[in-house]
Amino acid sequence: MTDRSRPDLDDATVAALGKLSESLETVEQARGLLYGFHQLTGKADLLLQDAVAGLRDAGHTELADDLDRDLVGRNVLADRWTFQVVEDYDANYWSTYRAFDQRARDELAGGDRHVFEARMKQGERTSGHPRHEAGPVLDD
C-alpha cells in the first residue's frame, strides 16, 4: 500500500489525529531538551569539580571547600538529580502520552501514523510527475 491518506476517515477525525500527532512531536522535542538539560547539568557539575580542584590547588581552600560542600552534587530540584527528573518525565508523562497517541491511531486509523500529512501530500503532489510519487510500497 502506498497511500496512507485514509479516504475512509472523515476530515474531522483526520484533523484531530493530526493535532494529536503534532502535540506528541512537541512532547518529543521537549523530551530531547530535557535530556540536553540532564547532560549539560551533569557536564557542568564535572567542570565544577575541576574548578574546585583548581581553586584548592591554587590555595583557595575555603572557597573550594564551600563550593564542594554546597554546590557539587547538589539536587537541581527538591530531592532530585536530573536523571531522576528525566526518569519521572519518561515514566509519568512521555510514556502515557505515547500510549494515548497509539490508542487513538489504533482505534481510529488502523494504527496508521501521519494520516493528516499523507492527505496533505496527496493534495500537494503532482500525480505522475517524477519525485512526486505517493510513496514506497508499505508492508501491510
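Helices here are DSSP runs of H or I with at least four residues, numbered from the N terminus. With that in hand, welcome to this structure, which is a predicted model. One such run is helix H4, covering 115–124, and arginine 131 lies in the segment after helix H4.

**How the helices pack**

Two packed helices are described by the angle between their axes and the distance between the axes. The crossing of H1 and H3 is left-handed. What classes of residue make up the contact of H1 with H3? There are 19 nonpolar residues in it, along with six polar and six charged ones.

H1 also packs with H4, at an angle of about 115° and with the axes 7 Å apart. The range from 65 to 115 degrees counts as roughly perpendicular, so H1 is roughly perpendicular to H4. On the H1 side, the residues involved are Asp11, Val14, Ala15, Gly18, Ser21 and Glu25, and they meet Val115, Phe116, Glu117 and Arg119 in H4. Sorted by class, the contact of H1 with H4 has four nonpolar, two polar and four charged residues.

**Arginine 6**

Is arginine 6 buried or exposed? Its relative accessibility is 17%, so arginine 6 counts as buried, given that buried means under 20%. Leaving out neighbours within four places in sequence, arginine 6 is in contact with Ala109, Gly110, Asp112, Val115 and Arg119. With one of these, aspartate 112, the side chain of arginine 6 makes a side-chain polar contact of 3.3 Å. Arginine 6 and alanine 104 are 98 residues apart in sequence, while their C-alpha atoms are 15 Å apart in space. The backbone deserves a glance as well: arginine 6 has a positive phi of about 50°, although it is not a glycine.

**Arginine 105**

Arginine 105 sits in helix H3. Because its relative accessibility is 12%, arginine 105 counts as buried. Its side chain is joined to that of aspartate 101 by a polar contact of 3.0 Å. Setting aside residues up to four places away in sequence, arginine 105 touches Leu17, Gly110, Gly111, Asp112 and Arg113.

What is the phi of arginine 131? It is positive, at about 70°, although arginine 131 is not a glycine. With a relative accessible area of 79%, arginine 131 is exposed.

Alanine 91 belongs to helix H3. At 49% relative accessibility, alanine 91 counts as partly exposed. Along the chain, alanine 91 and glycine 73 are 18 residues apart, and a distance of 24 Å separates their C-alpha atoms.

Here are the accessibility values side by side.

| Residue | Relative accessibility | Class |
|---|---|---|
| Arginine 6 | 17% | buried |
| Arginine 105 | 12% | buried |
| Alanine 91 | 49% | partly exposed |
| Arginine 131 | 79% | exposed |

Notes. Residues numbered from 1 in each chain as written. Predicted model: local features only at pLDDT ≥ 70, side-chain atom pairs only at ≥ 80, totals over all residues. Heavy atoms only, no water. Left-handed = near helix turned anticlockwise from the far one by under 90°. Helix = DSSP H or I, 4+ residues; strand = E, 2+ residues; numbered from the N terminus. Nonpolar A, V, L, I, M, F, W, Y, C, P; charged D, E, K, R; others polar. Buried < 20%, exposed > 50% of the residue type's maximum accessible area, 1.4 Å probe, protein only. Contact = heavy atoms within 4.5 Å. Polar contact = N/O pair within 3.5 Å; in protein donor to acceptor, adjacent residues only side chain to side chain. Axes fitted to C-alpha atoms, helices over the stretch in contact; angles between N-to-C directions. Parallel < 35°, antiparallel > 145°, perpendicular 65-115°, else oblique.
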